[in-house]
Amino acid sequence: MTSKKINTMNTNRLSKTICKALNSQMTKEAHAAQIYLAYGSWADANSYQGISNFLFRHANEERNHMMKFLEYILERGGTVSVEAIPAPGPNPTSVFDCFKKTFEQEVDNTEAIYKIVKLSFDEGDWATWNFMQWFVKEQTEEETLVMNMLDKIKIAGGEKASGESLYSLDRDLASTDDEAELARNKTVEAP
Ligand code: OFO
């Protein structure tokens, strides 16, 4: 191949549509990080240090997700466009509300991830389809994790949870694992 041909060769392996979707998902992950930062600050200000710690750790996870999208776009020869991150919205009104809103935000993110999976499937962009599978699994974990928290708060009384039960929940959350165990990893020996 002549050097002229090499210079004019298109090395972008992402379609316009996929590149745009990946960029907007990158911003969405940054937005999720801002939400967790805001809720973590709210929890700390309300003396829930364990919940706050959990949410701050999660904010970092969302930043890592953002970087995964950024690096993938670059790796495939696409153009990264870093845009403004929308504000996180109002603070939660209670611990129950905090996890309810967190769950809704995770479901919203899962839906956005599924759209990119579908787009890549429709285009036959198997590299992107394969890349997105990590996020499909991650979202299942995140939804399960938050669902488990919501269940615990519901058992403790939901909106009416007593100070005592919130105190033990807060203490447990300080050391809770950031990842939920998925049903697909269960066996008869270890249900
Ligand atoms: Fe990025 O996983 Fe939550 O939102």
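This tour moves through a predicted model, from the whole fold to selected residues.

**Conventions**

Residue numbers start from 1 along each chain as its sequence is written. As the model is predicted, local features need pLDDT of at least 70 and side-chain atom pairs count only at pLDDT 80 or more, while totals for chains, interfaces and linings use all residues; side-chain values use heavy atoms, with hydrogens and water left out.

**The whole protein**

Begin with a cartoon view. The protein has six helices and zero strands (DSSP runs numbered from the N terminus, helices being H or I of at least four residues and strands E of at least two). From the N terminus on, the order of elements is α-α-α-α-α-α. Along the principal axes, the C-alpha atoms fill a box of roughly 75 × 45 × 25 Å. Of the 191 residues, 41% count as buried (under 20% relative accessible area; exposed is over 50% and partly exposed lies in between, with a 1.4 Å probe and protein chains only). Among contacts (heavy atoms within 4.5 Å) between residues at least 6 apart in sequence, 82% join residues at least 24 apart.

**Helices 3 and 4**

Select residues 49–75, which are helix 3. The expected span of a helix is 1.5 Å times one less than its number of residues. The 27 residues of helix 3 should therefore span 39 Å, and the end C-alpha atoms are 39 Å apart, in agreement. Just after helix 3, Gly77 has a positive phi of about 80°.

Next, select residues 95–123, helix 4. Its 29 residues should span 42 Å, which agrees with the 42 Å between its end C-alpha atoms. Gly124 follows helix 4 and has a positive phi, near 70°.

Move to Ser47, in the loop between helix 2 and helix 3. Most residues other than glycine have a negative phi. Ser47 has a positive phi, near 70°, and this residue counts as exposed because its relative accessible area is 51%.

**Along helix 2**

Helix 2 covers residues 16–45. Select Ala32, which lies in this helix and is buried, at 0% relative accessibility. Leaving out residues up to four places away in sequence, Ala32 touches Glu62 and Gln105. A distance drawn from Ala32 to Thr17, 15 residues away in sequence, gives 22 Å from C-alpha to C-alpha.

His31 is also placed in helix 2. It is buried, with a relative accessible area of 17%. With residues up to four places away in sequence not counted, His31 touches Ile85, Pro86, Ala87 and Pro88.

**Two nonpolar cores**

A nonpolar core is a set of buried Ala, Val, Leu, Ile, Met, Phe, Trp, Tyr and Cys residues joined through side-chain atoms within 4.5 Å. In the largest core, of 23 residues, select Ile51, Phe54, Leu55, Val95 and Phe99, which touch the most other members. Helix 2, helix 3, helix 4, helix 5 (126–155) and helix 6 (163–173) each supply at least two residues of this core. The largest share, six residues, comes from helix 2.

Centre the view on Phe99. Apart from neighbours within four places in sequence, Phe99 contacts Ile51, Phe54, Val146, Met149, Leu150, Ile153 and Leu173. A second, separate core holds 19 residues, including Leu22, Met66, Phe131 and Phe135.

**Aromatic rings**

The structure holds nine aromatic pairs (centres of Phe, Tyr and Trp rings within 6.5 Å, with the six-membered ring used for Trp; planes under 30 degrees apart are stacked, over 60 edge-to-face and the rest tilted). One of these pairs is Trp42 with Tyr48, a tilted pair at 6.5 Å centre to centre and 35° between the planes. Trp42 is buried, at 11% relative accessibility.

Now show Phe69, Tyr72, Phe131, Trp134 and Phe135, which form one aromatic cluster. Within it, the rings of Trp134 and Phe135 are edge-to-face, because their planes stand at 80°, with centres 4.9 Å apart. Trp134 is partly exposed at 37% relative accessibility, whereas Phe135 is buried at 0%. Lys68 lies over the face of Trp134, at 4.4 Å from the ring centre (NZ of Lys or CZ of Arg within 6 Å of the ring centre and within 35 degrees of the ring normal).

**Cysteines**

Finish with Cys19, buried at 10% relative accessibility, and Cys98, buried at 1%. The whole structure has zero disulfides (pairs of cysteine sulfur atoms within 2.5 Å).
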